[in-house]
Amino acid sequence: MNAPTTPATVPATVSAPRFALSLSRTLATAARVLLQLRHDPRSIALMLLVPCLMLFLLRYVFDGSPQTFDAIGASLLGIFPLITMFLITSIATLRERTSGTLERLLAMPLGKADLIAGYALAFGLLAVVQSALATGLAVWFLGLDVTGSAWLLLLVALLDALLGTALGLFVSAFAASEFQAVQFMPAVIFPQLLLCGLFTARDNMQPVLEGISNVLPMSYAVDGMNEVLRNTDVTADFLRDVLVVSACALLVLSLGAATLRRRTA
């Protein structure tokens, strides 16, 4: 009588965790995104030049009243990069979703965290260039009168651009076409623009609107710019504003990772 045979043990294949962050995969994703953007000069021009053009026009719209430019120029220095990065990132990411590229990438050993971090890194590098150009133009060419350090102004502008990138990555999950992605701007950006304190102090608003403005990230982006505009030293309010904008960007990036799925729209 033959002894019962023991089934052969098949070695288990250990795969990389889908949610583990890998530096090499993140850098590869960022390099791929930058390579694609290199072949899209219109998008690069929109990201890098439009904020500078808007600031240039604003300066000479108030040519007879430079104090007005000083009052709102710093705020818009943070708002313009946020808006342009939101627009470009949402459209570019949606293009990846609808073309099937995102689905193919997720079928590979590439974690969601790698993908989101790669996109954020690629657009973040462009945000650095964008913010540096806009800040340099406003301070050293257009004569924006800033009491604090221009480097702090650059820091807030960069964080605002990164926030716009995070918001763009997030909303791209809910659009089925590039036209719909653009339609999210009135829903996501315009209410923040009206309530951020650019047009009137937030404590002068109707109490309900003031309460809403207190939880919107653009409000803290504008407040951070105004803190640099008025104070020579780093204040506690400035640190609060920077931390809130940074935390919101990280939170939205995490939500963006949660929206990634294999089936594209």
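**The nonpolar core**

Modeller: The largest nonpolar core has 73 residues, and those with the most contacts inside it are I79, F123, L153 and I189. A nonpolar core is a set of buried Ala, Val, Leu, Ile, Met, Phe, Trp, Tyr and Cys residues joined through side-chain atoms within 4.5 Å. Buried means under 20% relative accessible area, exposed means over 50%, and partly exposed lies in between (1.4 Å probe, protein chains only). This is a predicted model, in which local features need pLDDT of at least 70 and side-chain atom pairs count only at pLDDT 80 or more, while totals for chains, interfaces and linings use all residues. Residues are numbered from 1 along each chain as its sequence is written, and side-chain values use heavy atoms, with hydrogens and water left out.

Biologist: Which elements give two or more residues to this core?

Modeller: Helices (H or I, at least four residues) and strands (E, at least two) are DSSP runs, numbered from the N terminus. The contributors are α1 (23–38), α2 (41–61), α3 (66–99), α5 (112–141), α6 (150–171), α7 (178–188), α10 (217–230) and α11 (236–259). The most comes from α3, with 16 residues. In general, nonpolar side chains tend to be buried together in soluble globular proteins.

Biologist: With which residues is I79 in contact, leaving aside its neighbours within four places in sequence?

Modeller: Contact means heavy atoms within 4.5 Å. By that rule, and with those neighbours set aside, I79 touches L193, C196, L198, M218 and V222.

Biologist: How many helices and strands has the protein chain?

Modeller: There are 11 helices and 0 strands. Of the 265 residues in the chain, 49% count as buried. Among contacts between residues at least 6 apart in sequence, 78% join residues at least 24 apart.

Biologist: Why may α10 be called largely enclosed by the rest of the structure?

Modeller: The reason is that 13 of its 14 residues are buried. From its first C-alpha to its last, α10 reaches 20 Å, close to the 20 Å expected at 1.5 Å a residue; the expected span is 1.5 Å times one less than the number of residues.

Biologist: Is F238 buried or exposed?

Modeller: F238, which lies in helix α11, counts as buried at 5% relative accessibility. Beyond its neighbours within four places in sequence, F238 is in contact with L152, L155, V156, G224, E227 and V228. F238 and N226 are 12 residues apart in sequence, and their C-alpha atoms are 8.8 Å apart in space.

Biologist: How many aromatic pairs does a search of the whole structure find?

Modeller: Rings of Phe, Tyr and Trp (its six-membered ring) pair if their centres lie within 6.5 Å; planes under 30 degrees apart count as stacked, over 60 as edge-to-face and the rest as tilted. The search finds 2 pairs. F56 and Y60 form a tilted one, 5.0 Å centre to centre with 55° between the planes. Both lie in helix α2, 4 residues apart, about one turn of the helix. F56 is partly exposed at 35%, and Y60 is partly exposed at 42%. F170 and F174 form an edge-to-face pair, 5.2 Å centre to centre with 70° between the planes.

Biologist: Where does the charged end of R202 sit?

Modeller: A charge sits over a ring if NZ of Lys or CZ of Arg is within 6 Å of the ring centre and within 35 degrees of the ring normal. The charged end of R202 is over the ring of Y220, 5.8 Å from its centre. Likewise, R59 lies over the face of Y60, at 5.2 Å from the ring centre.
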